Amino acid sequence: MITSSFLAIGLGLEEAQPDIMLRRPHDLRVGVFTKELIIDKMIYGVFMGSLCLISFVAVVYGAGSANLGSDCNHGYNDSCESVFRARATVFSVLTFLLLVTAWEVKHFSRSLFNMDRTGHTGSFAIFHTVWYNRFLFWAVIAGFSITFPVVYLPTVNTLVFKHIGISWEWGIVCGCVVVYVALVESWKATKRAFAIGSAKHLKLTTIEGDTAARKDLSTTAEKVPQESMTTSRTATLDDDTKRGDSICRRE
């Protein structure tokens, strides 16, 4: 919760995307949790969960001879070394993936390596993307930094978090981060290729965006008078009905 809270604040301070005026107006009836957002979170969650499971299996069954130890949930003993190292690996993998996700979700469909196409492109565009939002940048750096004391502080790691310090397992952590970024970028590329969700607006030009916006406004303007006329007619009929009832009562 501590790690994600500052990431959420940083994303809340993110400025609007340069192409926001080229998108169609958001339907207020849909709310914040759009279909695209829900699908993205489910896919990213599957990626994270799969990589965490793979990292645990790699440590316990790959290098630990499938030794799950005994009574490892209550405390550390010599038989729990593989399990405790695997837990520390999974903790580090999950933390790092959450931190990287904070940068990836700055845009639903644009690549992290080419997110600002208006002024910063090329091989080093990612540095501008991650540095532009200072609060989010330092929140991510703080999240990376706080992971190491949690893993290595004596007593705290074994008694509170039920894991111990790791060494070669950092290679698994870094590998999972690379694979996760590749999977997320592949999903975004798929959205751009098939114009899924917000990606359908990426290829709009300024003229096309203005035309679409004017069309939506004209459609809305046409609906409002019709609704007003329907409301006025209903009110007139109600008034006539009330008058007829009052005349009948007097007679």
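This is a predicted model: local features need pLDDT of at least 70, side-chain atom pairs count only at pLDDT 80 or more; totals for chains, interfaces and linings use all residues.

Biologist: Is the crossing in which α2 passes α3 left-handed or right-handed?

Modeller: The crossing of α2 past α3 is right-handed. Residues are numbered from 1 along each chain as its sequence is written, and side-chain values use heavy atoms, with hydrogens and water left out.

Biologist: What is counted as a helix, and how many helices and strands are there in the protein?

Modeller: Helices are DSSP runs of H or I with at least four residues, strands are runs of E with at least two, and both are numbered from the N terminus. By that rule the protein has 8 helices and 0 strands.

Biologist: What angle do the axes of α2 and α3 make, and what is that arrangement called?

Modeller: Helix α2 covers residues 35-63 and helix α3 covers residues 81-104; their axes cross at roughly 155° and come within 8 Å. The axes are lines fitted to C-alpha atoms over the stretch in contact, and the angles run from 0 to 180 degrees between N-to-C directions. Angles under 35 degrees count as roughly parallel, over 145 as roughly antiparallel, 65 to 115 as roughly perpendicular and the rest as oblique. The crossing angle of roughly 155° therefore makes α2 roughly antiparallel to α3.

Biologist: Which residues make the contact between α2 and α3?

Modeller: Contact means heavy atoms within 4.5 Å. Those involved include Met48, Leu51, Phe56 and Val59 of α2, and Val83, Arg85, Val90, Leu97 and Thr101 of α3. By class, the residues of this contact comprise 13 nonpolar, 4 polar and 3 charged. Here Ala, Val, Leu, Ile, Met, Phe, Trp, Tyr, Cys and Pro are nonpolar, Asp, Glu, Lys and Arg are charged, and the others, Gly among them, are polar.

Biologist: What is the arrangement of α3 and α5?

Modeller: α3 and helix α5 (residues 134-152) pack at about 175°, with axes 10 Å apart. They are therefore described as roughly antiparallel to each other. Among the residues that meet are Phe91, Phe96 and Trp103 in α3, and Phe137, Phe144 and Phe148 in α5. This contact of α3 with α5 has 15 nonpolar, 4 polar and no charged residues.

Biologist: Is Thr101 buried or exposed?

Modeller: Buried means under 20% relative accessible area, exposed over 50%, and partly exposed in between, for a 1.4 Å probe and protein chains only. Thr101, in helix α3, has 8% relative accessibility and so counts as buried. Leaving aside neighbours within four places in sequence, Thr101 is in contact with Lys41, Met48 and Tyr180.

Biologist: What class does His26 fall into?

Modeller: His26 lies in the loop between α1 (2-12) and α2. Its relative accessible area of 48% makes His26 partly exposed. Not counting residues up to four places away in sequence, His26 touches Gly31 and Thr34.

Biologist: What makes a pair of side chains a salt bridge, and how many does the structure hold?

Modeller: A salt bridge requires a side-chain nitrogen of Lys or Arg within 4 Å of a carboxyl oxygen of Asp or Glu. The structure holds 5 of them. In one, the closest N and O atoms of Glu36 and Lys191 are 2.7 Å apart. That pair joins helix α2 to helix α7 (residues 169-193), across 155 residues. Lys191 also forms a salt bridge with Asp40, at 3.0 Å from N to O. In this second case the partners, Lys191 in α7 and Asp40 in α2, are 151 residues apart. Glu36, Asp40 and Lys191 are thus linked in a network of salt bridges.

Biologist: Are Glu36, Asp40 and Lys191 buried or exposed?

Modeller: Glu36 counts as buried at 16%, Lys191 at 0% and Asp40 at 1%.

Biologist: Which elements does the salt bridge of Arg85 and Glu169 tie together?

Modeller: Arg85 and Glu169 meet at 2.8 Å, N to O. Arg85 lies in α3 and Glu169 in α7, so the pair ties together parts 84 residues apart in sequence. Arg85 is buried at 16%, and Glu169 is buried at 1%.

Methods: A crossing is left-handed if the near helix is turned anticlockwise from the far one by less than a right angle, and right-handed if clockwise.
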